[in-house]
Amino acid sequence: GTLSSNLTFNTTVRSNARTFNVRALIPGVPYHFTIRASTNGGYGETKEIIFFSQELAPLPNVILRMVRAEWSGSTLIITWTPLTLHEVRGFPFYIVYIDEEKHANTTESSILLTGLDTSKSYTVQVEVRTRFLNPLEMGIFSNEVTIAPPEVEDSKDSSVVGNALGGVLGGVLGGILVGIVIGAVGTLLITKLLTWRSKRKG
């Protein structure tokens, strides 16, 4: 097991033992315990446990950073940098706020949100908490990020495509019109030339 970042101990207990007492544990410190059975023939499967003697509130000077908040179709993807167990001083869970209202929670460092109105802008923020905090106490909040509706980007792309198509069609139609005018002028000139020649022969 590990009692702190720089103190490690190893203990062997009797084959019939089912418990082992570790004393003087410090609240808010994560302890990593590794347990495995052994015989003269070797070692068995290893089991690892992370344990807090008591969870505390996250350290007040830690910073929770949101690194991504963007649309993928009609799904809003939110990602943040997870805090360590030493920073949180407990097992963290994260609450996602949409426009300052609690919307979802997770123990992961990202979440996919569906069912939102894709025609609206949203302000997104994440809070990290531990079980030590009561409902009236605040955890650590991330920076706020404002997400524009995906239709805004789509309309810009559509406008660009529309302008490009308009330019192409305008060029094609312009070329056709010029061709018609040139053809008409050429026909008129040929007609006049034939008329003039007929008059000279007459």
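A surface patch, as the term is used here, is made of residues with over 30% relative accessible area and no salt bridge, and nonpolar side chains are joined into one within 5 Å. In this predicted model, Ile35, Ile49 and Phe51 make a nonpolar surface patch of about 270 Å².

**Nonpolar patch**

- Phe51, one of the patch residues, lies in strand E6, residues 47-51.
- The relative accessible area of Phe51 is 35%, so this residue is partly exposed.

- All 6 of the 6 residues of strand E8 (residues 75-80) are buried, which means that the strand is largely enclosed by the rest of the structure.
- In a regular strand, side chains alternate between the two faces of the sheet.
- In E8 both faces are covered, with Thr75, Ile77 and Thr79 buried on one side and Leu76, Ile78 and Trp80 buried on the other.
- Strand E7 (residues 66-72) pairs with E8 in the antiparallel sense over 6 bridges, and Ala69 stands opposite Ile78 of E8.
- The hairpin of E7 and E8 has 2 residues between the strands, and Gly73 there takes a positive phi near 70°.
- E8 is also joined to strand E11 (residues 110-113) by 4 bridges, and these two strands run antiparallel.
- Ile78 has Ile111 as its bridge partner in E11.

**Strand E9 and its partners**

- Of the 6 residues of strand E9 (residues 93-98), 5 are buried, so E9 is largely enclosed by the rest of the structure.
- E9 runs antiparallel to strand E12 (residues 122-129), to which 6 bridges join it; Phe93 stands opposite Arg129 in E12.
- E9 pairs with strand E10 (residues 101-106) over 5 bridges, again in the antiparallel sense, and Lys102 in E10 is the bridge partner of Tyr97.
- E9 and E10 form a hairpin with 2 residues between them, where Asp99 in the turn has a positive phi of about 55°.

**Negative patch**

- Asp99 also belongs to a negative surface patch, together with Glu100, Glu101 and Glu144.
- Glu144 is found in the loop between strand E13 (140-141) and strand E14 (145-147).
- Because its relative accessibility is 49%, Glu144 counts as partly exposed.

**Salt bridges**

- Side chains of opposite charge can pair when their charged atoms come close.
- The model holds 4 salt bridges, counted with a cut-off of within 4 Å between side-chain nitrogen and carboxyl oxygen.
- One of them joins the side chains of Glu55 and Arg131 at 2.5 Å, N to O.
- Glu55 lies in the loop between E6 and E7 and Arg131 in the loop between E12 and E13, so this pair ties together parts that are 76 residues apart in sequence.
- Glu55 is buried, with a relative accessible area of 10%, whereas Arg131 is exposed at 63%.
- The side chains of Glu70 and Arg68 meet in another salt bridge, at 2.7 Å, N to O.
- Glu70 is partly exposed, with a relative accessible area of 36%, and Arg68 is partly exposed at 36% relative accessibility.
- Glu127 and Arg129 form a salt bridge at 3.0 Å, N to O, and both residues are buried.

**A contact across the sequence**

- Pro149 is placed in the loop between E14 and helix H2 (150-201).
- Pro149 has 10% relative accessibility and therefore counts as buried.
- Pro149 and Lys120 are 29 residues apart in sequence, yet their C-alpha atoms are 5.3 Å apart in space.

Key
Residues numbered from 1 in each chain as written. Predicted model: local features only at pLDDT ≥ 70, side-chain atom pairs only at ≥ 80, totals over all residues. Heavy atoms only, no water. Buried < 20%, exposed > 50% of the residue type's maximum accessible area, 1.4 Å probe, protein only. Pairing = 2+ DSSP bridges. Patch = residues over 30% accessible without salt bridge, like charges linked within 9 Å, V, L, I, M, F, W, Y side chains within 5 Å. Areas by Shrake-Rupley, 256 points an atom, 1.4 Å probe, with all protein chains shown as cover. Lys, Arg positive; Asp, Glu negative; His and termini not counted. Charge placed at Lys NZ, Arg CZ, Asp CG, Glu CD.
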